[in-house]
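Welcome! Take a look at the view below, and then we will walk through it topic by topic.

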Amino acid sequence: MFSFKVNMPSIDYTTHKIRKKSGKTRTITAPNSYLKSCQREIMTHLNSFPLSDSAHGFIEKRSIVSNAINHIKKKYVLNVDLKDFFPSIQRDRIENLFKELKIPLEYVDVVVFNDVLPQGSPCSPVISNLICRGMDKDMEEYAKTLNLSYSRYADDMTFSGDNVSRDVIDYIYSIIRTHNLVVNKEKTVVLGRHKRQIVTGLVVNEKVSIPKNTRRRIRAMKHQFETLTEYERQYLEGMNGVEQMVIRGAV
């Protein structure tokens with residue numbers, strides 16, 4: 001039950017761009033400090049609702065490590081990327097979610113910007129995970145029929161096993177379309193055992209390990225911590241955990 005009252009803040013964001021490792025830029029819409037604190041209150045409430053076991057991004061005690069472990073020593077690894085993940089989740093879907101969770105609809109205005117989930121709000125990751133529950137369930141059921149492993153870290157979806165054919169990929173695309181999300185087909189990749197199999201930035205051929213270029217990226221992100229988005233801070237936290245696990249030989 002939604003048991004607290006948020007004083008409605010002014011909806012004020014600062015927009016800026018950051019460079020991704022691909023060289024392209026990502027637009028960040030960062031809320032003002034009071035709006036962000038209101039979003040964090042709502043986020044805390046949203047975190048009380050159960051999520052799919054297949055979801056690993058922005059969830060306590062889950063990380064890029066728990067995501068990658070599902071795909072160790074598999075014949076094939078299939079990575080599928082969702083395009084414009086947060087902005088593709090629009091107001092009507094959030095309104096439906098809030099109705100389902102019995103959250104007053106007035107708070108939709110607190111968590112959207114230009115009628116979509118903003119990249120920069122602490123609410124956006126948990127809302128996206130809640131909205132993706134249906135898709136995750138459909139993916140789990142389909143993967144089970146083919147004896148494939150499935151997991152999702154935010155907009156990165158991974159399948160692994162012996163059967164990763166063109167027909168399988170097309171059917172996965174059809175499920176994504178059914179849930180009104182868009183595939184970034186340029187980033188779809190199938191990795192066999194003879195290649196370096198990467199899942200959310202980690203090598204999974206024999207065990208979970210960190211590529212050299214990722215170790216360099218971690219060092220750079222630590223120096224730029226104050227400029228990182230929520231997504232990037234979660235990624236860095238996960239990578240710090242991976243480093244410790246690799247040191248201890250735990251993965």
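Let us start with helix H5, residues 123-131, which is mostly covered: nine of its nine residues are buried. Please keep in mind that this is a predicted model.

**Helix H5 and its surroundings**

- The buried residues of H5 are Cys123, Ser124, Pro125, Val126, Ile127, Ser128, Asn129, Leu130 and Ile131.
- Several helices pack against these buried residues: H1 (33-46), H3 (91-100), H4 (108-111) and H6 (133-145).
- Strand E4 (149-153) also packs against the buried residues of H5.

**The nonpolar core**

- The largest nonpolar core holds 67 residues, and Ile94, Phe98, Ile127, Met135 and Ile176 have the most contacts inside it.
- Helix H7, which covers residues 166-178, gives the most to this core, with six residues.
- Which residues does Ile94 touch, not counting those up to four places away in sequence? They are Ile89, Val108, Val111, Val112, Leu117, Ile127 and Ile131.

**The protein as a whole**

- The protein contains nine helices and eight strands.
- Its radius of gyration is 18 Å, which agrees with the value near 18 Å that a compact globule of 251 residues would have.
- Along the principal axes, the C-alpha trace spans about 55 × 40 × 30 Å.
- Of the 251 residues, 49% are buried.
- Among contacts with a separation of 6 or more, 69% are between residues 24 or more positions apart.
- The accessible surface comes to about 13000 Å², and carbon and sulfur atoms account for 48% of that surface.
- There are 39 positive and 28 negative side chains, and the centres of the two sets lie 8 Å apart.

- Gln39 sits in helix H1. Its relative accessible area is 0%, so Gln39 counts as buried.
- Leaving aside neighbours within four places in sequence, Gln39 is in contact with Tyr13, Pro31, Val110, Val111, Ser121, Pro122 and Cys123. Cys123 is also one of the buried residues of H5.
- Val108 belongs to helix H4. With a relative accessible area of 0%, Val108 is buried too.
- Again leaving aside neighbours within four places in sequence, Val108 is in contact with Arg91, Ile94, Glu95 and Phe98. Ile94 and Phe98 are among the residues with the most contacts inside the largest nonpolar core.
- For a sense of distance, the C-alpha atoms of Val108 and Ile172 are separated by 30 Å, and these residues are 64 residues apart along the chain.

**Two loop residues with positive phi**

- Ala154 is not a glycine, yet its phi is positive, at about 60 degrees. This residue lies in the loop between E4 and strand E5 (156-161).
- Is Ala154 buried or exposed? Its relative accessible area is 1%, so Ala154 is buried.
- Asn180, another residue other than glycine, has a positive phi near 55 degrees. The loop that holds Asn180 runs between H7 and strand E6 (189-192).
- Asn180 counts as exposed because its relative accessibility is 54%, and exposed means over 50%.

Notes:
Residues numbered from 1 in each chain as written. Predicted model: local features only at pLDDT ≥ 70, side-chain atom pairs only at ≥ 80, totals over all residues. Heavy atoms only, no water. Helix = DSSP H or I, 4+ residues; strand = E, 2+ residues; numbered from the N terminus. Rg over C-alpha atoms; globule rule 2.2 N^0.38 Å. Buried < 20%, exposed > 50% of the residue type's maximum accessible area, 1.4 Å probe, protein only. Contact = heavy atoms within 4.5 Å. Areas by Shrake-Rupley, 256 points an atom, 1.4 Å probe, with all protein chains shown as cover. Lys, Arg positive; Asp, Glu negative; His and termini not counted. Charge placed at Lys NZ, Arg CZ, Asp CG, Glu CD. Core = buried A, V, L, I, M, F, W, Y, C linked by side-chain atoms within 4.5 Å.
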